[in-house]
Amino acid sequence: MVMHIVDRRLNPGSKSLENRQRFLRRAKALVQGAVKKSSQDRDIKDVLEGGEVTIPLDGMDEPRFRREGGTRDMVLPGNKKFVEGDWLQRPNQSGGKGSGAGEGDSEDAFRFVLSREEFVDLFLDDLELPDLAKRKLAETESEGLQRAGYATSGSPANISISRTVSRALARRVALRRPRKDDIEALEAELAECDDDTRRRELLALLEALKAKAKRIPFIDPIDIRYRRFETVPKPVAQAVMFCLMDVSGSMSEHMKDLAKRFYMLLYVFLKRRYKHVEIVFIRHTDRAEEVDEDTFFHGPASGGTLVSSALVAMNDIVRARFRPADWNIYAAQASDGDNMTSDSGLTGLLLTDKILPVCQFFAYLEVGEAANYTFDMPDSSLWTLYERLRNDGAPLSMRKVSERGEIFPVFQDLFKRRTTSQERV
Amino acid sequence: MGSSGGRLFEGADWDFQTLQRVHDACEKIARTELGLDVYPNQIEVITAEQMLDAYSSVGMPLFYKHWSFGKQFAFQEASYRKGLMGLAYEIVINSSPCISYLMEENTATMQTLVIAHAAFGHNHFFKNNYLFKQWTDAEGILDYLEFAKGYIAACEDRHGRETVERTIDAAHALMSHGVDRYPGKKILDLRAEEKRAGERRQHEESVFNDLWRTVPNTKHKSKATLTVERRRALLGLPQENILYFLEKTAPRLAPWQRELIRIVRHIAQYFYPQGQTKVMNEGTATYVHYRIMSRLHQQGRITDGNFLEFLQSHTNVVFQPEFDDRRYSGFNPYALGFAMMQDIERIVKNPEDEDRDWFPDIAGKGDVEGVLREIWSNYRDESFINQFLSPALIRRFRMFHLHDDPAESQGIKVDAIHDERGYRRVRRELARQYDVGFVDANIEVMDVDLDGDRRLMLRHTTVKGAQLNETDARRVLQHLADLWSYDVALTEVDGTDKVLKEYVVSPRAAAVAA
């Protein structure tokens, strides 16, 4: 008998993917809760790893008619010492573990593993890019061309040959244009024909056919079709993220670590929204420089603190490389809040006049030492300045963070999806 | 390399030629020595990931989409990754051609074992056992699943995924009560089923259910004509196939919903024989692979090393932990089935006096394969154990019967053990454990209150005092009420018709609106 061997290994895998997505969609609220909970006490690196979550089975149950209780009879293997008529003590747990042991998950909780993407998706799902005053900028669109069927008019370069020819063919068939073969056949017959009456007939026929062929052109102007294009708005698909950080002596490793976590989250988040995300690292003491990531977080630096220097640097970079019309610009500034008092005026001016108008979003993150409760401390000079600017209506977001665990809540708070778009405090 | 003499393979590696050689060698033994009659084989090599995929669609190569399969997949994947669960070496599908999935990780010896086990053992059983013949359509199942998948996807496009999911959820909850337990008039033909689905839909859209027209305004007239007996006869009551009843008579279901219920019902029916023949099916396959592997070894076509490797996995498969072992979770169908097949072989070949008393029909008959083939064709687990579990085997497994009556304060009673007085009782009780009549709750549709509020009345006849778990029962009844669109009442009665408990569930508003 014939036997077939099929190698299925190369078939696309994960046939269950769709079922899995359906399951996640259905359990979305529950899974999301679980994701939040499990991310509270995770490091950033781990949050991107995915991992196991446990959800309660509300609404995910698949009930069946099950029976329980009553008299039970069972036959078991491995008798050692029992004889007929013996009485055995009941096990303490009255339920009896024989019945439902197979599906131990059926009762309360359900445990499974989320992939990295699923985890991040769910984690960031209810976050949204903030709806700022510069809404128009956020939706800045460039236009692209897209095929959109055919048109009867257009530029000769856009003639669609295949469409034109097929329409011409349809018309010729419909109008019964004499075919070239038919005419040639008749001419051949005419050449060989000796009979006069038949010749006359043939000649007349040929004449008529040729006249008709002339009346019905091979390709008529009405056949011609042009490819049509439509311009479609394309959202700007690229974003640049400016990371500004104070690296003066007062910033401890812990503070840098907090800032880094925040930047990473922001990066992951932007990455989900934009095809292309660039990062610019600007560190500053009393002067600012653009550096690579490693130097940014780990390079030693010391000196005083002039926030305005970083803003100047950012402004220069924006002007040189990131035209606001083409780029979505995000900026996050991390600092311990120190700034030279004399610098406040310039910083405020730069921010309101230069930086904020071109940014989609500007967040200020004030990082503190782990042990300190920032709430008890007097506001720092930078915080006071920014708060004043914000009260004047500048679209600034600012938060204070001193513990790792606070990063997620703060981030989520910043990007929380708001029901009414203008509600921002 | 000679046609029968050479080694089938060397070492653990294999390729497709190896599989072909192995298959041919197994086939020769299966046909000539064991006299097996199988569907054509199709062997598919898959990866571990694909095996996991297959797990979550009940082992079928294609299946409709539903979140519950995703849930199962998530659960299985988690336990697989943690190492709690190994994967099966193979999955075999009752179809023609008979499809066996082989994992690519298996060694050559394991592939041989799996081919002998699935492609010949299970395959023969599928083709010849009366239950499978009666209830499944091996030729049509894959096409039908294809149709079901497409149909459900189309319904989702047309009516929205949530509505469709709700209907399937409800049908799934009732799946265990969506099978015909007794052979009907016609043999299942899934291909015709698919073709007729379209016609049926059109037909049903144009036909009005006469019964329901009798309800609203001509009350006195309908009362006169529709006596209880007549009504129940018209509705085909009592009916234990609840899904069938809903499909045919639920008053407010859309035609596509009826078709969905029908699909779930057909699939439940397709799997129904598998639940009743676990011991026999695995016993047959294990016995067949054991015979084939031993013969291949005897012929020198596999080496001693291969054979030892085989014996090791074979022993794992037929391991039966004892009741007080931590690993114990009921009888291992492979162990029990294989032991019984071997025991029958012993009885047929060299019976003892005891066997002659107990099995006069087969003891000493000599034709082992003939007797086994006959048994494989005509029994299911319950009747098989009831008929062929021998005292020798009861002794070997040291089986004993426990009777646990909650009313008895002394504890659990040892009712019978593996001795002269106990053999028959042990055997009867073990057979009962495999009786579908006892495994599923006996729930029937009794009546519909056509004159009043169209309440659907069900009855659960309890056996040995076991009642339904209340939480689950309410949930299932909720699904049932949603499909029925009016109230549903379930009464639990004992053998003497004494009412133990009553449930009444109303449909959810969303379901009625849909």
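Before anything else, a term: pLDDT is the predictor's confidence in each residue, on a scale from 0 to 100. We need it here, as this is a predicted model.

Over residues 94–107 of chain A, pLDDT stays under 50, and the model has five contacts beyond four places in sequence for that stretch. For chain A as a whole the average pLDDT is 76, and 79% of the residues score at least 70. Where in chain A is confidence lowest, and where is it highest? The lowest is helix α5 of chain A, residues 135–138, with a mean of 39, while the highest is helix α6 of chain A, residues 161–174, at 92.

Now the contact between the chains. Chain A puts in 56 residues and chain B puts in 80. On the chain B side, helix α3, residues 67–81, gives the most, with eleven residues. That side of chain B divides into 33 nonpolar, 26 polar and 21 charged residues.

One of the bridges joins Ile5(A) to Ile43(B).

There is also an open sheet of four strands, in the order β4(A)-β4(B)-β5(B)-β5(A), with antiparallel pairing. Which strands stand at its edges? They are β4 (72–76) and β5 (87–88) of chain A; each has a single partner strand, so one side of each has no neighbour in the sheet. Strands β4 (residues 400–404) and β5 (residues 412–416) of chain B pair with each other over three bridges, and His403(B) has Lys413(B) as its bridge partner in β5(B). Helix α21 of chain B, residues 423–433, lies across β4 of chain A together with β4 and β5 of chain B, at about 110 degrees to β4(A).

Last, a helix pair within chain B. Helix α7 (residues 161–173) and helix α23 (residues 470–484) of chain B pack at about 125 degrees, their axes 9 Å apart. That angle makes α7(B) oblique to α23(B), and the crossing is left-handed. From α7(B), Asp169(B), Ala170(B) and Ala173(B) meet Val476(B), His479(B), Asp482(B) and Leu483(B) in α23(B). Those contact residues divide into four nonpolar, one polar and two charged.

Methods
Residues numbered from 1 in each chain as written. Chains lettered and ligands numbered in written order. Predicted model: local features only at pLDDT ≥ 70, side-chain atom pairs only at ≥ 80, totals over all residues. Axes fitted to C-alpha atoms, helices over the stretch in contact; angles between N-to-C directions. Helix = DSSP H or I, 4+ residues; strand = E, 2+ residues; numbered from the N terminus. Parallel < 35°, antiparallel > 145°, perpendicular 65-115°, else oblique. Left-handed = near helix turned anticlockwise from the far one by under 90°. Contact = placed C-beta atoms within 7 Å. Nonpolar A, V, L, I, M, F, W, Y, C, P; charged D, E, K, R; others polar. Pairing = 2+ DSSP bridges.
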